[in-house]
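Have a go at each task before reading its solution.

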Amino acid sequence: MKVALLSKEEMLVHHNRVVTVLNEEGNKHIRAFAGYNNSQTIRSIQAEIFDKDGNSIKRIKKKEFVDVSAVDGGTLYSDSRVLYMSYLPTEYPYTVSFSYEMKTKNTGTLPSWYFIDDFMASTEKCSYEIEYALSALKPNILEKNFEGYAITRKETLNGIQYSVANIPALRDEYLRPSTQNIFPSLVICPVDFYYEGYSGKIYGWKDVGLWMNNNLLRDQDELLPSTKSEINELVKGVEDSLEKARIVYKYVQENTRYISVQVGIGGLKPISAIEVDKVKYGDCKGLSNYTKALLKQVGVESYYVHVEAGKEKIDFEDGVASLAQGNHVILAIPYNDKYYWVDCTSQIHPFGFLGDFTDDRRVLIMKPEGGEITYTDAYLDEENLQTTKGIYSLDEEGDLLGKMEITTKGIQYEEHFGIQNLPDTELVKYYKNYLRKINNLILGKYYLENNQDEVTFKEVIALSASKYASKTDDGKLIFIPNCFNNVQSVPPRYRNRRFPMEIQRGYLDVDEYIISLPKNFDVLSLPKSNSFSEKFGEYSIEFWKEKSQIRVKRRILIKSGTYSKLDYDKYRSFKRKITKLDNSKIILNKKT
């Protein structure tokens, strides 16, 4: 990629990409596409396909690229569009040479760069160059994860160039850190820029917040008179600002719908609140700005927040500030010396609950006095709690009849509460997979309760299964007592692990089971109770008999943290031991 800053209001980007695909799994690496909008034009775009011998077999001109909206669900109000190459390979390997040239007047976001495309994709040659017509246009550049790579940097009076060659493909690894923390990359941050009609200068995060508030967010909070009256009526008599915020959040959930347009793809400026008011939909920028306007109407302060969202926790960078960091917008509501975070795109999440999409990461709050970097809420290990209570009986044929109750909190709530919206057929599939240790499972009545005030989710399921306990030739019954929460698996083995081990979110499971024995049967063999711990977790399981019942108590705590790659084998051993104990068997013998 070559980026040319011809002036504060003119940038040219030329990108040339050549990819050889060895098999079907490699097709995803082609990435022959380019985005455009009213402020960003594609001056040229083309591609050429080569066979395994290097012979050209197809040329694709600009008019043959597929032109689609970049907005999920149609064009709607956005002018963001994408040109992409459509090609179905007939044999492997094949090579695609793809290039485009883009021109824009916006210099507020500069293309960043990765020297490694993805896992299982080697880099034969890679270079990034940025030229600037004036020294004032020279950007700040953060070089990330360069250690161990022979990346060269050359700087001239009006430009900087990076290049590297022959990086072998990397295999993905279980529990590795985010790619942003392990792949070599560049974060390019303009200092003196122009964006959508506004000039700006950024030297730190405070400047980003000031510029956003004074320009892109300014005068975007007007509402329809009918909506003002409606929202004022909803909070009538309510004095507490947090309770007002809950009412507003519920109103947004019930009266708008979300469309997907990422920050960056759809620009940085939200559509006005009055436009969302009219159409009743918006992307993360539009819905957050709309909710902020509603909160302002009822006297509740809130702040617009940029965040890098996704299951991987990715922080805003310490060393450099820019408009380009972050792909999502949420709100922060200050109350009693803390922030309540709300994602205005969700129609199902409880007020103030972020889940694993935006939890525990450095974000940028746009305050009137400037930008501020802070952390969103973290759901710490024991807070991600699942309690399972099970009662079941076995008969003389080994058939099981019982009931299970699961209650989840924290991130484990996030993983469970969505099933409330599944149709019955899908819910049956879900539980058959979740309880896959129980053969011949038949679900009975079930009850699901989503307590959004306490952010807990309860599942109560009646179930049965024929021949759960295996019957031996001499009449004994053999079964695994832990049938309700037995999904542990041993992590994959790596001969030469490359990356550190990172557990981004810990959790705690607490289980209690009561098992009623069949008539005329007694315990012949009961597993021994056991407990042990390592730096990354704790486990205990107890078995004991009370009259005609067996009781089981189980507890497993996994601790979040970053660990040495040398710890990975210890973690595998830890999980292997848990799996073995989880699958301990009880043997019942018929009384004589």
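**Exercise 1.** Work out how α3 and α5 are oriented to each other.

*Solution.* Start with the axes: those of α3 and helix α5 (residues 284–297) come within 10 Å and cross at roughly 140 degrees. Axes here are lines fitted to C-alpha atoms, for helices over the stretch in contact, and angles run from 0 to 180 degrees between N-to-C directions. Next, apply the classes: under 35 degrees is roughly parallel, over 145 roughly antiparallel, 65 to 115 roughly perpendicular, and the rest oblique. α3 and α5 are therefore oblique to each other. As for handedness, α3 passes α5 in a right-handed crossing, where right-handed means that the near helix is turned clockwise from the far one by less than a right angle, and left-handed anticlockwise.

Before going on, a word on the source: this is a predicted model, in which local features need pLDDT of at least 70 and side-chain atom pairs count only at pLDDT 80 or more, while totals for chains, interfaces and linings use all residues. Residues are numbered from 1 along each chain as its sequence is written, and side-chain values use heavy atoms, leaving out hydrogens and water.

**Exercise 2.** Find which residues of α3 and α5 meet, and sort them by class.

*Solution.* Contact means heavy atoms within 4.5 Å. On the α3 side there are Ala 245, Val 248, Tyr 251 and Val 252, and they meet Tyr 290, Thr 291, Leu 294 and Leu 295 in α5. Sorting them gives seven nonpolar, one polar and no charged residues. For this count, Ala, Val, Leu, Ile, Met, Phe, Trp, Tyr, Cys and Pro are nonpolar, Asp, Glu, Lys and Arg are charged, and the others, Gly among them, are polar.

**Exercise 3.** Is Lys 280 buried, partly exposed or exposed, and what does Lys 280 touch?

*Solution.* First locate the residue: Lys 280 sits in the loop between α4 (273–279) and β18 (281–282). Its relative accessible area is 29%, so Lys 280 is partly exposed; buried means under 20%, exposed over 50%, and partly exposed in between (1.4 Å probe, protein chains only). Then, leaving aside neighbours within four places in sequence, Lys 280 is in contact with Thr 227, Tyr 251, Asn 255, Thr 256, Arg 257 and Tyr 290.

**Exercise 4.** Check the length of helix α8 (residues 568–582) and see what covers its buried residues.

*Solution.* The expected span is 1.5 Å times one less than the number of residues. For the 15 residues of α8 that should be 21 Å, and the end C-alpha atoms are 21 Å apart, which agrees. Among the buried residues of α8 are Tyr 568, Phe 574, Ile 578 and Leu 581. The cover over the buried residues includes β30 (501–503), β33 (530–534), β34 (537–546) and β35 (549–558). Helices (H or I, at least four residues) and strands (E, at least two) are DSSP runs, numbered from the N terminus.
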